Amino acid sequence: MFSIGVVAFTLLCGYEPFYGADDQELLQANKSLDFEFHSPEWDNISHQAKDWILNVLKEKGSERLDPISALYHPWLRDTSMDIILHLNKCML
């Protein structure tokens with residue numbers, strides 16, 4: 001789930017949540033969960049999306065959203081319904 005969170009973060013804003021000058025700094029940033037929702041990239045991203053990211057990028061695996069909980073999070077649930085409704089309109 002953590003890796004999926006990193007990919008989702010990157011897709012939403014266009015940059016990776018963790019960075020460093022070298023591999024050691026990158027690993028340290030990853031371990032310390034040193035990331036932020038920078039402006040302006042995150043200004044128009046919903047609070048639900050940010051909450052989902054925060055809940056999959058938790059240090060302890062036991063605190064992260066599990067796959068089922070992640071799918072039923074309001075951000076993905078609401079987005080999925082929007083996609084389904086759009087597809088239904090297109091098929092009419």
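## A contact between H73 and D51

The side chains of H73 and D51 are joined by a polar contact of 2.7 Å. A polar contact is a pair of N or O atoms within 3.5 Å; within protein, one must be able to donate a hydrogen and the other to accept it, and residues adjacent in sequence count only if both atoms are side-chain atoms. The model is predicted: local features need pLDDT of at least 70 and side-chain atom pairs count only at pLDDT 80 or more, while totals for chains, interfaces and linings use all residues. Residues are numbered from 1 along each chain as its sequence is written, and side-chain values use heavy atoms, with hydrogens and water left out.

## The chain as a whole

The protein chain has 5 helices and 0 strands, and its elements run α-α-α-α-α from the N terminus on. Helices (H or I, at least four residues) and strands (E, at least two) are DSSP runs, numbered from the N terminus.

Of the 92 residues in the protein chain, 24% are buried. Buried means under 20% relative accessible area, exposed over 50%, and partly exposed in between (1.4 Å probe, protein chains only). Among contacts (heavy atoms within 4.5 Å) between residues at least 6 apart in sequence, 49% join residues at least 24 apart.

## H73 and Q48

H73 lies in the loop between helix 4 (67-71) and helix 5 (74-91). This residue is buried, with a relative accessible area of 8%. Besides D51, H73 touches Q48, W52 and L65, not counting residues up to four places away in sequence. A polar atom of the H73 side chain also lies 3.0 Å from the backbone nitrogen of W75.

Q48 lies in helix 3 and is partly exposed, with a relative accessible area of 32%. Q48 and H73 are 25 residues apart in sequence, and their C-alpha atoms are 8.3 Å apart in space. With residues up to four places away in sequence left out, Q48 touches H73, P74, W75 and D78.

## Helix 1 against helix 3

The axes of helix 1 and helix 3 come within 8 Å and cross at roughly 145°. Axes are lines fitted to C-alpha atoms, for helices over the stretch in contact, and angles run from 0 to 180 degrees between N-to-C directions. F2, I4, G5, A8, F9 and L12 in helix 1 meet A49, W52, I53 and V56 in helix 3. The residues of this contact divide into 9 nonpolar, 1 polar and no charged. Here Ala, Val, Leu, Ile, Met, Phe, Trp, Tyr, Cys and Pro count as nonpolar, Asp, Glu, Lys and Arg as charged, and the others, Gly among them, as polar.

## The nonpolar core

The largest nonpolar core has 17 residues, and those with the most contacts inside it are F9, F35, W42, W52, I53 and L57. Helix 1 (2-13) and helix 3 (47-56) each supply at least two residues of this core. A nonpolar core is a set of buried Ala, Val, Leu, Ile, Met, Phe, Trp, Tyr and Cys residues joined through side-chain atoms within 4.5 Å. W42 touches F9, L12, C13, Y15, E36, F37, K50 and I53, not counting residues up to four places away in sequence.

## Helix 2 and the loop after it

At the start of helix 2 (residues 23-32), a side-chain oxygen of D22 reaches to within 3.1 Å of the backbone nitrogen of Q24. Just after helix 2, L33 takes a positive phi of about 55°. P40 is found in the loop between helix 2 and helix 3, and the peptide bond from S39 to P40 is cis, with omega near 5°. Most residues other than glycine have a negative phi, and most peptide bonds are trans.
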